[in-house]
Amino acid sequence: AETVRIGLPTKTYWPTTIAETAVRQKLFEKEGIAAELTIYRGGAETFEAMAAGAADVILDATSLVSAGRKKGVNSKVLASAATGYYGWQLMTLSKSTLGVKDLAGKKVAITSAGSGSDLLALWTQQDKKIEFTRVPVGGGGLVPNLLAGNVDAAVVYSPLSFQISRSGEARTILDFSKEVPPNLAAGWIALDKYVQDKPQMVQKTLNALYGALMFMRANKEASVKLITELYEIPAEIAALEYENTIMKLETDGSMDGPKIPEQLQLALDMAKAGGMKDLGPAAEIISTQFKPVPTKF
Amino acid sequence: MGGNTMQPLANITPLKPAGAIEVRNVGQVFKTTTQDVVALEDVSLDVKPGRFVVLVGPSGCGKSTLLMMMAGLRQQTSGTITISGAPIPEPDPNRVGVVFQEASLFPWLTAEENVEFPLALRGIAKSDRRTRAQDALKLVGLDGFGKRHPHELSGGMKQRVSIARGLVQDPPVLLMDEPFAALDEQTRMTMGDELLRIWAATGKTVVFVTHSLTEAVYLADEVIVMSPRPGRIVDHLQVPLPRPRTYEMLSGDTFGSLRDRIWRHIRKSA
Amino acid sequence: MGGNTMQPLANITPLKPAGAIEVRNVGQVFKTTTQDVVALEDVSLDVKPGRFVVLVGPSGCGKSTLLMMMAGLRQQTSGTITISGAPIPEPDPNRVGVVFQEASLFPWLTAEENVEFPLALRGIAKSDRRTRAQDALKLVGLDGFGKRHPHELSGGMKQRVSIARGLVQDPPVLLMDEPFAALDEQTRMTMGDELLRIWAATGKTVVFVTHSLTEAVYLADEVIVMSPRPGRIVDHLQVPLPRPRTYEMLSGDTFGSLRDRIWRHIRKSA
Amino acid sequence: MSAATLRRLIVISLIALWEILPRAGFIPELFLPSLSSTLAAGWNEAGEYGHALAVTLYEVAISMAFACGGGILFGAVVGSLPRPRILIMPMVSSLYAVPLVILYPVFTVWLGIGSESKIAFASIYGFLPTMLATAAGIQTIDPQLLLAARSMGATLSQRLVRVIIPAAIPTVLSGLRVGGALVIVGVVVSEMLISSAGIGYLISRYRTILDSPHVFAGVLLVLAMAIAFNAAIKWIERKAAIWQTGTRAGQSAEETVPAALQPAT
Amino acid sequence: MRSGLGVKAARIAIVVALFAIWEILSRTGIVNPRLLPSASDTLATLGDLLQRASVRKDLAVTASEVVTAFALAVPVGALIGFLIAENRYFAEVAKPLLFFAFSIPKSIFLPMFILVFGVGFAQKVGFGFFSTIFIVIMSTTTAVESVKVEHLTVARSYGATPMQTAFRVYLPSMLPVLLEALRISMIFNLTGVILAEMYASRDGIGHQIATWGENFQMKQLLAGVVMIAAIAIAFNELVRWVETRCSHWRT
Ligand SMILES: Nc1ncnc2c1ncn2[C@@H]1O[C@H](COP(=O)(O)OP(=O)(O)OP(=O)(O)O)[C@@H](O)[C@H]1O
Ligand SMILES: Nc1ncnc2c1ncn2[C@@H]1O[C@H](COP(=O)(O)OP(=O)(O)OP(=O)(O)O)[C@@H](O)[C@H]1O
Ligand SMILES: Cc1ncc(C[n+]2csc(CCO)c2C)c(N)n1
Ligand SMILES: [Mg+2]
Ligand SMILES: [Mg+2]
């Protein structure tokens with residue numbers, strides 16, 4: 001069977017769980033294709049890999065698609081995946097008494113400048129009308145620097161956010177999944193060329209991925225077990241991850257919906273505020289060619 | 001040791017027999033950071049095959065330099081040098097062997113392995129190599145020291161290993177730069193006799209640099225005397241003493257007068 | 001050159017005058033990878049201050065080793081050595097200076113700077129250093145070569161720079177390991193006379209290793225003859241020839257018989 | 001053609017390719033923007049880059065002092081004392097064998113996220129090759145020279161400064177080359193990983209938002225630093241050439257070496 | 001080298017002491033044990049990880065990449081380094097360029113490797129090679145320059161061919177410097193491969209370590225680092241062993 005190479009931004013990000021479920025439930029097989037999953041260092045790297053022809057279908061921030069078009073990388077968002085930053089939280093140490101408003105003039109850790117966490121930090125500054133210093137500390141530096149007191153707060157992603165709040169080390173002062181207005185933050189993406197050459201592959205891949213999502217929704221126990229195993233985390237944290245991210249994902253994926261252009265534009269506007277330049281209109285990057293038909297499990 | 005390494009030369013040099021050395025109007029100028037040093041000027045010299053020629057002259061007169069040029073290790077600034085009838089733009093161990101003024105042994109090899117080195121380069125079998133190296137070491141009185149590394153040997157011993165290395169290759173021309181300088185008189189004499197014996201048996205041409213005038217006259221068919229910088233040939237003596245040489249000759253008149261003649265040159269130049 | 005560097009010694013050694021050397025039952029064993037080498041065995045020796053002592057013996061008998069121990073550069077395996085009355089566990093340039101068998105010049109320094117080196121170590125002012133270095137170079141006949149680097153000098157010239165470096169330090173005891181080996185006879189004689197002159201003027205104690213028996217007798221107050229490995233002292237001769245020595249003495253009877261006596265030792269041992 | 005001409009030709013053609021390949025569409029701009037757009041991007045944000053360069057240079061300078069100065073000194077001491085050498089060297093080179101980059105994010109916990117952590121990281125990164133090269137160079141010194149110095153009563157520090165270091169100069173210089181280059185790499189990489197200032201920071205920030213012209217403007221600055229460092233080393237090398245006359249490095253530094261001294265190859 | 005038991009004991013003592021300090025720092029809470037899990041915990045986790053088939057497979061993958069990259073980079077780099085040291089013209093052309101290339105942070109080029117090799121074995125090996133070759137070239141050049149002229153003259157006078165000169169004079173003279181270079185090169189190589197794995201990968205130990213780091217799994221992260229360090233140190237010791245075997249002739 002022909003192989004689709006799926007690019008994923010990080011190991012412990014929900015798309016990995018989805019793709020992994022699709023593999024384990026043999027959904028790609030059922031579609032008559034094979035899948036090869038590759039995990040990259042982050043969203044930008046995943047996008048680069050697609051541009052380099054090392055990945056066929058990726059999950060990534062939609063703003064990158066728009067930025068990429070100006071750099072000669074022609075790709076489109078094929079299916080909507082998430083309209084919020086599920087599991088992303090602004091956290092401080094439990095013993096700290098700081099609220100969001102108190103962060104003015106303080107230090108807030110983000111993974112890296114220009115990344116999703118930076119975007120959320122910038123959004124916070126704008127939304128709450130405060131100024132703080134964003135300190136890029138890398139994915140591996142978020143929690144250590146928070147615990148060591150090098151920063152006053154950190155933008156933490158799931159399941160890490162659930163983990164440290166569960167352990168009592170940190171507490172949430174702002175839940176981005178609730179506060180950020182719905183916008184098309186992430187979608188499944190492919191190069192125009194790949195779509196043109198292999199529309200069937202794209203369709204089948206999307207079918208399997210959304211089939212996996214359906215499977216997960218329908219099988220909590222098996223899904224939590226998978227997350228536990230995959231992320232090497234306790235089952236209760238996995239359950240939180242399941243409830244707060246997987247269950248929030250777009251089940252339809254269609255890019256035809258009436259709200260899509262608007263939500264996508266909102267995402268691009270947020271990215272622009274985060275320092276991205278040269279972003280075209282949302283319409284440019286929408287492909288309505290595919291409607292995922294979840295594979296039966 | 002046979003002269004078989006000389007055979008290929010027959011093809012290259014049909015006119016001149018193997019072992020002839022011809023030095024014609026040779027000069028050597030060193031460019032240093034401060035000034036140009038004329039080390040040798042217009043040196044001409046003919047050595048017939050099978051002769052034992054000794055080169056003497058004050059320190060720094062260019063003896064080592066002349067030897068290096070004959071060995072193809074340094075190119076003259078002017079003039080020509082031929083060995084066995086052909087110029088020597090590159091060192092050619094089939095024509096010329098060298099024993100250097102400083103022992104320059106390879107510190108990572110044992111005495112034996114150092115002596116074997118030139119043989120190993122020619123791909124001679126290990127066992128054959130070993131036998132020949134041990135013979136050569138025996139010749140220089142270092143029997144039983146084969147397994148030592150250079151840093152475990154005294155100054156004189158190192159020099160002797162270096163001589164053994166020069167002898168083991170058996171080329172028709174042997175250039176020796178003060179090979180006995182670090183040796184005591186007894187060893188020096190024994191080795192001188194040994195060298196003369198090998199020379200007589202193999203018919204090699206030997207060019208030998210020494211500072212000992214006694215040694216010069218004792219060993220040589222001809223003695224060439226050089227002047228201080230810029231080095232020139234100021235005298236070329238034939239030594240009419242019969243072979244084999246004996247220690248009794250040292251006190252003879254012929255010996256004394258030859259020695260004196262050289263001595264006067266050296267003295268004048270100082 | 002004054003003896004002012006000797007003054008601090010007065011405090012350390014009230015009993016023995018500066019320059020005395022005492023070697024008592026000294027032995028030296030080298031451990032090599034293959035076996036243990038007994039280089040020296042039970043060597044005892046007394047050198048009175050201001051004496052000129054020459055050490056002779058076959059190659060590899062341990063002369064350099066003995067010198068190294070006297071210089072504090074190597075520790076004996078057994079026995080004791082005192083210099084100016086005190087043991088010498090570490091080299092002490094105020095008591096002992098060394099001229100090595102191999103020139104061992106610093107290749108990155110010019111001849112002049114090499115000679116200045118020991119003075120620079122003691123923090124002597126630049127201009128003073130330069131004058132003294134130039135004097136020393138003149139003494140060894142290398143006037144005008146001060147700016148050359150060692151690789152631009154001939155073998156003999158390097159050795160002379162090394163001698164100049166030994167002399168410039170001006171310690172009460174000077175140890176010289178075959179310093180003239182690379183020199184031509186004329187230079188050798190001139191330098192021998194020069195050395196004797198300096199010695200007579202400064203009252204230094206000199207221990208001098210050579211392979212030339214003529215040189216040994218010509219220079220020495222006493223000649224010490226060593227046997228081959230394991231090195232032992234087999235003879236200790238007083239040379240009764242008057243000072244200053246002249247070339248005429250070389251043909252005298254006293255000279256001849258002393259030379260012969262040493263020669264017989266060396267010959268026997270070979 | 002002279003070597004310098006050929007080298008210049010190579011450099012010029014590389015520069016030309018940098019302009020042509022992206023323009024002709026052989027390489028997507030995302031991976032390599034054309035030189036002109038890179039320069040334009042850099043020019044437009046000149047202030048930002050200038051500030052970043054100042055930060056990076058400051059970190060490089062301090063790390064350089066630690067890494068090279070410390071590396072040479074430490075290497076010389078350890079290399080010339082047999083006991084510490086046997087004891088310490090294996091441990092030091094083993095320590096160096098640990099790929100520290102992985103732990104860098106954790107390091108920042110103790111060293112903070114400012115310049116200190118970059119300086120610490122780059123210093124370690126550059127220190128070890130300098131030290132190892134120095135120590136190795138010292139082991140190849142002719143022992144006779146040390147013996148001679150010892151006989152003249154040279155103290156340990158005098159032996160170090162006057163014999164060991166000059167004799168080890170060629171090796172030390174190459175250690176310095178490697179160590180210095182690694183300092184630059186170390187500073188930039190650690191800035192790329194975690195920081196809020198410096199060229200590395202700019203590079204990684206612009207990369208995250210796929211702004212390749214600005215990324216390469218940063219890369220260009222790193223290249224400029226490398227060129228400057230190279231020039232500095234050349235200068236030192238020329239100054240030290242006279243010291244190296246005994247080695248082959250010195251021989252080739254001299255213009256006057258006759259052809260015969262050149263090895264056969 | 002008669003370093004003797006004393007030195008070995010001292011070395012072991014230092015290592016044990018380091019682990020003890022680590023253990024104490026963590027146990028007494030001088031350092032937050034969440035940030036620095038104790039040595040014993042880390043070692044236990046390490047044992048645990050080594051039990052896992054997936055980790056062993058990751059190790060095998062990384063090892064094969066590292067070995068391949070090294071096997072390619074060292075001979076190629078040594079050859080180029082040798083040519084540069086021997087050929088003045090080539091040296092003048094290439095040396096500044098190579099040195100220049102060396103001073104650029106290589107990770108900037110990671111995307112290019114994906115562009116050329118895709119994601120997988122070739123890309124890791126390619127980047128490992130690229131990270132290593134410059135240091136090999138530069139070290140070889142230095143090593144060649146440390147060869148004594150007299151020794152070359154002797155070999156030349158015996159008519160040694162370039163090959164013979166290379167193997168019989170250059171190699172033994174250069175060995176101490178070269179082995180040192182080999183050591184440093186291996187570190188560059190290992191770091192290169194791991195960085196490439198961290199950047200984009202399906203497997204390999206670098207990939208695992210990146211994940212542990214991002215998820216604040218300090219025990220696993222430290223265990224992984226200890227594991228890689230152990231491998232690197234083992235290699236280091238191997239080189240040292242070769243070194244002592246080959247340099248017995250030194251005083
Ligand atoms: N590489 C060099 N650069 C500059 N000058 C040199 C070089 N090599 C030799 N010389 C000079 O050339 C002259 C001749 O040197 P050479 O070594 O041939 O003398 P020599 O007769 O062998 O002396 P000795 O008996 O002392 O060994 C000397 O004056 C020396 O200073
Ligand atoms: N480091 C060492 N290891 C082992 N043996 C050594 C070492 N140094 C010297 N020897 C041995 O000790 C003996 C004495 O050496 P030494 O150098 O003192 O002789 P020497 O009398 O100076 O000889 P020469 O006149 O040839 O210079 C020699 O047999 C030598 O092989
Ligand atoms: C664990 C983890 N999750 C997400 C990202 C960043 N990222 C990659 S794609 C994407 C989509 C939404 O913007 C985001 C946020 C990260 N670096 N690490
Ligand atoms: Mg000479
Ligand atoms: Mg000796």
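This is a predicted model: local features need pLDDT of at least 70, side-chain atom pairs count only at pLDDT 80 or more; totals for chains, interfaces and linings use all residues.

User: OK, chain E. How many helices and strands has chain E got?

Analyst: Chain E has 10 helices and one strand. Those are DSSP runs, numbered from the N terminus: H or I of at least four residues for helices, E of at least two for strands. From the N terminus on, the order is α-α-α-α-α-α-α-α-β-α-α.

User: And what does the C-alpha trace of chain E span?

Analyst: About 65 × 55 × 30 Å along its principal axes. Of the 251 residues in chain E, 60% are buried; the cut-offs are under 20% relative accessible area for buried, over 50% for exposed, and partly exposed in between, with a 1.4 Å probe and protein chains only.

User: Which domains does chain E have?

Analyst: The assignment gives domain 1 (1-36) and domain 2 (37-246). Such bounds come from an automatic or database domain assignment. The centres of domain 1 and domain 2 of chain E, taken over C-alpha atoms, are 27 Å apart. Contact between them takes 10 residues from domain 1 of chain E and 12 residues from domain 2 of chain E, contact meaning heavy atoms within 4.5 Å.

User: Switching to neighbours. How much area do chain D and chain E bury between them?

Analyst: About 6000 Å², with 74% of it on carbon and sulfur atoms. That is the accessible area (1.4 Å probe) that two parts lose on being put together, summed over both. Between chain D and chain E the count is zero salt bridges and one residue pair in polar contact, both at pLDDT 80 or more. On the side of chain D that touches chain E, H8(D) gives the most, with 12 residues.

User: What about chain B and chain E? How many salt bridges there?

Analyst: One salt bridge between chain B and chain E. E:Arg156 pairs with B:Glu90 through their side chains, at 3.8 Å from N to O. On the side of chain B that touches chain E, the largest share comes from H3(B), with four residues. The area buried between chain B and chain E is about 2000 Å², and carbon and sulfur atoms give 67% of that.

User: Does chain B have its own domains, or rather, which ones?

Analyst: Chain B is divided into domain 1 (41-95 + 172-269) and domain 2 (105-170). There is one salt bridge across the interface of those two domains of chain B. B:Lys204 and B:Asp170 form a salt bridge, with the closest N and O atoms 2.4 Å apart. H6(B) gives the most to the side of domain 1 of chain B that touches domain 2 of chain B, with seven residues.

User: Now the core. Which residues touch the most other members of the largest nonpolar core?

Analyst: A:Phe176 and A:Trp188, out of 248 residues in that core. Its largest share, 18 residues, comes from helix H8 (residues 156-193) of chain D. Domain 1 (1-36) and domain 2 (37-246) of chain E both give residues to this core, so it lies between them. A nonpolar core is a set of buried Ala, Val, Leu, Ile, Met, Phe, Trp, Tyr and Cys residues joined through side-chain atoms within 4.5 Å.

User: And D:His214, buried or exposed?

Analyst: D:His214 counts as buried because its relative accessibility is 8%. D:His214 lies in helix H10 (residues 212-240) of chain D. Not counting residues up to four places away in sequence, D:His214 touches A:Lys277, D:Ala41, D:Glu45, D:Tyr49 and D:Tyr206.

Technical notes. Residues are numbered from 1 along each chain as its sequence is written. Chains are lettered from A and ligands numbered from 1 in the order in which they are written. Side-chain values use heavy atoms; hydrogens and water are left out. A salt bridge is a side-chain nitrogen of Lys or Arg within 4 Å of a carboxyl oxygen of Asp or Glu. A polar contact is a pair of N or O atoms within 3.5 Å; within protein, one must be able to donate a hydrogen and the other to accept it, and residues adjacent in sequence count only if both atoms are side-chain atoms.
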